[in-house]
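Please open the structure in your viewer and keep the selection panel at hand. This tour goes from stop to stop, saying what to select and what is found there.

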Amino acid sequence: MEKQTASFETITGNIIGNEGCVRCGACVGLCPYLTLYNGTIVFPDKCDLPEGRCFGFCPKAPTDFDEISRELWHAPYTGSPLGTYSDILIAKRVKIPASATPQYGGIVTALVEQALLSGPYKAALVTQWKERSFPGGVVIETPEDALKSAGSHYAGAYSLAAFNQYRQRHAVPMAVVGLPCQTLAVRKMARLNHPRNPHTGSDNLVIGLFCTWALSPRLFSHKLSEWFGAEKPGRFDIPPPPANRFEAFLKSGKKEIPLDEIRPLLNPGCRTCLDMTSEFADISVGAVEGMPQWNTVIIRTEKGRTLFQRLSDSGMIETGDLPSESLSHLAFAAGQKKKRALAAAGEEPRENSAAILSEQARKTILQNEETGDNPL
Amino acid sequence: MKHAHPITLNEPGRVELLMGNEAIARGALEAGVRVAAAYPGNPSSEIIETLAKAADPARLHVQWSVNEKVALEVAAGASFFGLRALAAMKQNGLNVAYDFLTNLNLSGTGGGLVLIVCDDPGGISSSNEQDTRYMARLTDIPLLEVAGFEDARDMIPYAFDLSEAIGSVVMVRSVTRISHGRGPVRYGPLPEISGTPRFVPGTTFVPFPILTKHQKRHDAIKRLERDFSDAPFNTYTGPDTPDLIIVTSGIGYLFSQESLDLLNLNGRVGIARLGTTWPLPEKWLSDILAKSQRFLVVEEIDPFLEGNLNEFIGRHPSLQRGKRVFGRQTGHIPDVGGLTPEHPLAALKTLLDIPYKTRPDSYETLVESESAGLVIERALGFCPGCPHRASFWSIKNALAKDGRGGVVTGDIGCYAMSMWPSGYQVAKTLQAMGSGAGVAAGMGVLGPMGKTQPVVAVCGDSTFFHAAIPALINARFNASNFVMIIVDNSATAMTGFQPHPGTGMTCMGQPVDPVEISDICHSLGVDVTILDPFNLEETEETILAALREKGIQVLIFKHMCALIEFKKAGRHYVMRVDSKKCIGEACGCDRYCTRVFRCPGLIWDPISGKARIDEAICTGCGVCADICPENAITREEA
Ligand SMILES: Cc1cc2nc3c(=O)[nH]c(=O)nc-3n(C[C@H](O)[C@H](O)[C@H](O)COP(=O)(O)OP(=O)(O)OC[C@H]3O[C@@H](n4cnc5c(N)ncnc54)[C@H](O)[C@@H]3O)c2cc1C
Ligand code: SF4
Ligand code: SF4
Ligand code: SF4
Ligand code: SF4
């Protein structure tokens with residue numbers, strides 16, 4: 001086992017203590033030292049182990065991007081805006097049951113259903129709005145349950161905690177839906193050489209979401225009850241610029257909140273995140289500008305391709321070409337996110353954004369175009 | 001019929017091996033004491049416990065009072081009715097009683113009234129090492145110091161006589177090493193107890209007119225400066241013109257004698273031992289001072305005698321030429337802490353320039369390491385199965401979850417150990433009895449100034465009765481905000497399980513209706529929740545909920561002290577660590593039970609890399625089964 005440089009204090013001090021945590025949940029569900037309470041991680045006691053899973057999994061602890069990229073594609077991490085991929089296209093689900101409210105085209109949910117149907121994935125990690133006022137991870141074992149988790153919950157959900165917990169009981173291949181930070185964590189989990197790692201060598205399928213930022217669960221939930229009282233919105237959306245607003249869909253109708261009111265609720269840790277399109281996923285899914293019924297789909301690995309192919313063959317979805325203008329806007333936005341993250345990481349203690357990048361990747365990121373409006 | 005306790009035997013001449021505090025109690029019986037009251041506190045508790053053995057409602061009333069002030073008041077009440085009475089307390093207790101004492105001195109007494117204070121040099125079982133002798137001088141009351149076990153018995157009847165002679169309370173001071181040491185004591189006769197309490201019509205016990213009463217006290221002290229020259233407890237042994245005289249009191253006397261014997265200095269050095277340390281006996285001391293030029297003062301704790309001796313010399317020009325006084329102020333004896341025989345030895349060695357090899361500094365460490373193998377290593381902390389551990393576990397976890405940096409104010413009792421790892425370093429302040437609640441009441445009014453951290457006061461049951469009630473009333477009156485946790489183990493456990501108002505039994509063994517803490521709190525109109533701290537989940541949730549509330553939330557964590565419960569009911573559960581499930585040091589546990597939870601009933605076995613139950617000391621409380629992350633600790637009904 002190679003010596004780990006991070007420690008429990010990296011998590012509690014440098015990351016959580018320094019507002020670097022992105023609420024992915026990779027460090028939770030493993031032991032009594034890091035547990036969740038009311039949308040935050042609590043750590044009443046100190047762990048003093050030199051080799052640990054929490055700081056081995058955390059995507060904000062030092063991470064060598066080249067190593068992960070080489071493992072997936074036998075090529076180094078380049079720093080290109082959208083990462084490594086083989087195909088990019090648009091897709092949408094053909095028939096959506098009236099009771100379901102997918103975020104856009106419902107492709108993520110469809111992929112989860114397909115993964116459970118055709119295997120080898122025995123379970124899937126999704127995120128649902130759980131009891132009280134926080135979203136959290138849920139493991140489902142049957143395709144019928146997939147649609148129950150449709151919709152985006154914009155707060156960080158610590159969903160990987162449920163992944164850890166399930167894995168310690170069931171060593172089965174799983175489909176994991178996650179944000180870019182979670183996608184990265186899942187790759188780190190499979191790689192960490194540790195005698196008690198429940199994810200060692202696991203054959204997962206990673207379905208990554210696009211993400212510009214997530215909100216702090218505690219602050220967001222607080223605001224929600226301030227805005228809407230006890231009523232919980234069914235769905236949220238952030239229409240693309242220049243809308244500059246956040247939308248919440250309640251039984252009583254759509255409520256609009258200016259983005260300026262949302263910004264103070266952002267996870268500070270997201271400022272140093274380099275990834276907008278879940279570059280280490282097998283398949284990534286996001287919105288398409290101006291086409292709210294559709295998803296952008298980025299196919300990155302063989303596994304991703306196989307699953308998407310099966311889904312197309314099943315007739316459950318419809319596909320199309322991504323308009324070239326949309327592609328260039330997407331690449332621009334993703335490149336800008338990288339650039340901002342690098343700048344923000346420079347201002348902050350290194351441990352906060354411990355992405356280990358090659359000089360080449362760094363250069364590529366900094367050379368990204370410098371035009372257009374800044375979503376943050 | 002009950003066997004008579006040896007302390008009650010009327011067999012003059014009988015020699016018993018008695019603890020200093022027992023000797024004091026015997027002395028009180030021989031003086032015909034009728035009422036004795038105290039609040040438990042080491043090193044004084046055994047005085048009342050011993051007297052309780054001789055208690056008899058018609059002849060001798062013995063009681064644990066709720067606090068030291070009330071104890072002294074109870075004794076004074078009896079004195080005003082013409083009876084001999086005593087109050088006993090530890091040094092901190094005198095502070096509580098002091099308000100009363102500083103008026104009682106002026107108002108005067110009826111029957112002999114003796115105040116016994118046991119100081120704790122080094123603060124072995126205390127929160128300070130205050131030297132209470134200054135407080136006798138401050139109140140113009142005579143001070144006697146016990147120097148041995150026989151002495152302890154002799155001095156008490158003398159103190160009663162003295163009190164009646166001057167119409168004032170008399171203070172007798174003991175220290176840990178005498179109170180808790182043991183030595184042979186020869187019994188004197190026990191008097192016939194007779195006489196009906198009576199408040200003499202027309203008498204008053206008031207401090208007015210103040211100046212007249214104050215003058216009276218000064219006159220009495222003046223008179224005693226003269227009379228104490230004949231007191232039997234002031235002795236001189238040694239040559240007529242010694243090179244040096246040791247002036248000493250208390251345990252210093254025994255240690256000084258020992259050093260002279262060891263150094264073979266009995267022909268060169270004299271010992272002047274004072275039993276009456278305030279006021280100083282004028283003639284006797286002048287004679288002593290005339291014998292030599294150099295004096296070494298050996299006393300515990302502060303330089304009380306040393307300072308008074310210097311002042312005495314200053315007041316007597318005829319004595320001044322070339323006299324030198326050595327002691328704590330000159331650095332010949334360490335500035336703080338109790339005495340050991342080493343201290344006079346080392347001082348004598350320097351002052352007389354004699355080649356005696358005192359113990360090297362490494363001696364203590366050597367003794368410690370050599371003796372370590374003989375005793376089981378145990379950090380200062382809660383006993384196995386202690387309900388306080390469970391309480392502080394939940395308080396710690398609740399505060400972490402609450403996440404606002406809550407502050408815990410501690411108090412005096414076993415649970416003060418919550419400052420240390422055994423209580424997860426939860427308590428952040430600690431002062432006097434009941435001050436946890438008072439300090440919290442102060443913190444709890446800072447909300448309007450922007451305070452965001454919640455406040456939790458932790459207080460024991462006995463401490464609640466002692467001094468926390470006024471603080472709670474104050475908090476309620478001034479609309480303070482905090483959570484008050486009363487850890488109710490139904491005992492004054494730290495000082496030896498004395499009964500208190502909540503236990504339903506007096507110290508004389510009389511059953512009484514217990515005073516319910518919850519009733520008191522209810523009557524103040526504050527919210528009260530009672531729960532069992534062994535129920536970890538419920539406890540944590542209750543604390544979390546209380547932290548979110550405004551006003552004062554009283555939570556009573558009720559669970560009997562593990563030692564009492566174990567004695568009464570034995571083991572509740574048989575505990576076992578399933579070594580197949582225990583993951584020990586591995587990631588996922590990191591010795592959570594032995595490294596973090598830290599009940600001494602669990603031990604870490606480094607060879608197998610597993611935890612196990614120490615069956616000899618585990619009380620079978622079952623709590624640890626709920627904290628093991630692997631469910632490796634199992635409990636089975638015993
Ligand atoms: C915090 C956040 C920020 C996003 N930002 C962008 C963005 O900037 N640009 C963009 O194009 N798309 C963004 N998305 C992705 C987008 O909202 C859709 O999730 C995605 O396009 C898939 O659409 P769908 O119709 O297939 O979703 P659905 O079929 O409805 O499936 C949604 C899936 O998202 C999962 N999910 C929901 N909330 C969370 C969460 N908090 N953490 C992890 N998983 C969650 C659910 O488990 C479900 O599986 C973001 C999503 C989230 C959660
Ligand atoms: S190193 Fe292991 S036991 Fe320690 S905090 Fe991290 S996950 Fe928990
Ligand atoms: S970023 Fe994820 S793994 Fe790291 S501290 Fe936060 S929740 Fe834990
Ligand atoms: S059951 Fe556990 S917590 Fe209770 S005394 Fe035994 S070892 Fe300690
Ligand atoms: S907490 Fe449980 S698993 Fe951990 S060392 Fe103790 S008994 Fe073993």
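How far apart do the C-alpha centres of domain 1 of chain B and domain 2 of chain B lie? They lie 26 Å apart, and since this is a predicted model, that distance, like every other value on the tour, is computed from a prediction.

**Stop 1: the domains of chain B**

To see these parts, colour chain B by its four ranges: domain 1 covers 9-190 + 205-228, domain 2 covers 236-352, domain 3 covers 387-567 and domain 4 covers 570-637. Now keep domain 1 and domain 2 of chain B on display and look at where they touch, a contact to which domain 1 brings 27 residues and domain 2 brings 30 residues. The size of an interface is often given as the accessible area lost when the parts come together. For domain 1 and domain 2 of chain B the buried area is about 2,400 Å², with carbon and sulfur atoms giving 55% of it.

Next, select Arg133(B) and Glu299(B) and show their side chains, which form a salt bridge with the closest N and O atoms 2.9 Å apart. Between domain 1 and domain 2 of chain B the count of salt bridges is 3, while the count of residue pairs in polar contact, both at pLDDT 80 or more, is 19. If you then highlight secondary structure on the side of domain 1 that touches domain 2, the elements giving two or more residues are helix H5 (133-138), strand E6 (143-145), helix H6 (149-166), strand E7 (170-175), helix H7 (176-179) and helix H8 (210-227) of chain B. Coloured by class, that side of domain 1 shows 14 nonpolar, 2 polar and 11 charged residues.

**Stop 2: where chain B meets chain A**

Bring chain A back into view and select the residues at its contact with chain B, 18 residues from chain A and 21 residues from chain B. The area buried between chain B and chain A is about 1,500 Å², and carbon and sulfur atoms account for 56% of it. Which three residues supply more than any other three of the area that chain B buries against chain A? Select Lys401(B), Cys587(B) and Asp590(B), which together supply 39% of that area.

Show the side chains of Asp45(A) and Lys396(B), which meet in a salt bridge at 2.6 Å from N to O. There are 3 salt bridges across the interface of chain B and chain A, and 10 residue pairs, both at pLDDT 80 or more, are in polar contact between the two chains. On the side of chain B that touches chain A, helix H14 (387-402), helix H18 (536-548) and helix H20 (592-597) of chain B each supply at least two residues, and H14(B) gives the most, with 6 residues. By class, this side of chain B has 10 nonpolar, 2 polar and 9 charged residues.

**Stop 3: two ligands**

Select ligand 2, which lies between chains A and B, and show the residues around it. From chain A these are Phe8(A), Cys31(A), Tyr33(A), Cys47(A), Gly52(A), Cys54(A) and Phe55(A), and from chain B they are Cys587(B) and Gly588(B). The shell around ligand 2 has 7 nonpolar, 2 polar and no charged residues.

Then move to ligand 4, which has 14 residues around it, the nearest being Cys599(B), Cys618(B), Cys621(B), Gly622(B) and Cys624(B). The shell around ligand 4 divides into 9 nonpolar, 5 polar and no charged residues.

**Stop 4: details of the backbone**

Select Asn42(B) and Pro43(B), whose peptide bond is cis with omega near 10°; Pro43(B) is in the loop between strand E2 (35-38) and helix H2 (46-53) of chain B. Another cis peptide bond runs from Trp278(B) to Pro279(B), with omega near -10°, and Pro279(B) lies in the loop between strand E12 (276-278) and helix H10 (282-291) of chain B. In chain A, select Arg23(A), which has a positive phi of about 60° although it is not a glycine, and which is found in the loop between helix H1 (8-16) and strand E1 (35-37) of chain A.

**Stop 5: a pair that spans the sequence**

The structure holds 44 salt bridges over all chains, and one to finish with joins the side chains of Arg182(B) and Glu22(B), at 3.3 Å from N to O. Arg182(B) lies in strand E8 (residues 182-186) of chain B and Glu22(B) in helix H1 (residues 20-30) of chain B, so this pair ties together parts that are 160 residues apart in sequence.

Conventions:
Residues are numbered from 1 along each chain as its sequence is written. Chains are lettered from A and ligands numbered from 1 in the order in which they are written. This is a predicted model: local features need pLDDT of at least 70, side-chain atom pairs count only at pLDDT 80 or more; totals for chains, interfaces and linings use all residues. Side-chain values use heavy atoms; hydrogens and water are left out. Contact means heavy atoms within 4.5 Å. Buried area is the accessible area (1.4 Å probe) that two parts lose on being put together, summed over both. A salt bridge is a side-chain nitrogen of Lys or Arg within 4 Å of a carboxyl oxygen of Asp or Glu. A polar contact is a pair of N or O atoms within 3.5 Å; within protein, one must be able to donate a hydrogen and the other to accept it, and residues adjacent in sequence count only if both atoms are side-chain atoms. Helices (H or I, at least four residues) and strands (E, at least two) are DSSP runs, numbered from the N terminus. Ala, Val, Leu, Ile, Met, Phe, Trp, Tyr, Cys and Pro count as nonpolar, Asp, Glu, Lys and Arg as charged, and the others, Gly among them, as polar. Domain bounds come from an automatic or database domain assignment. A residue is near a molecule or strand if one of its heavy atoms lies within 4 Å of it.
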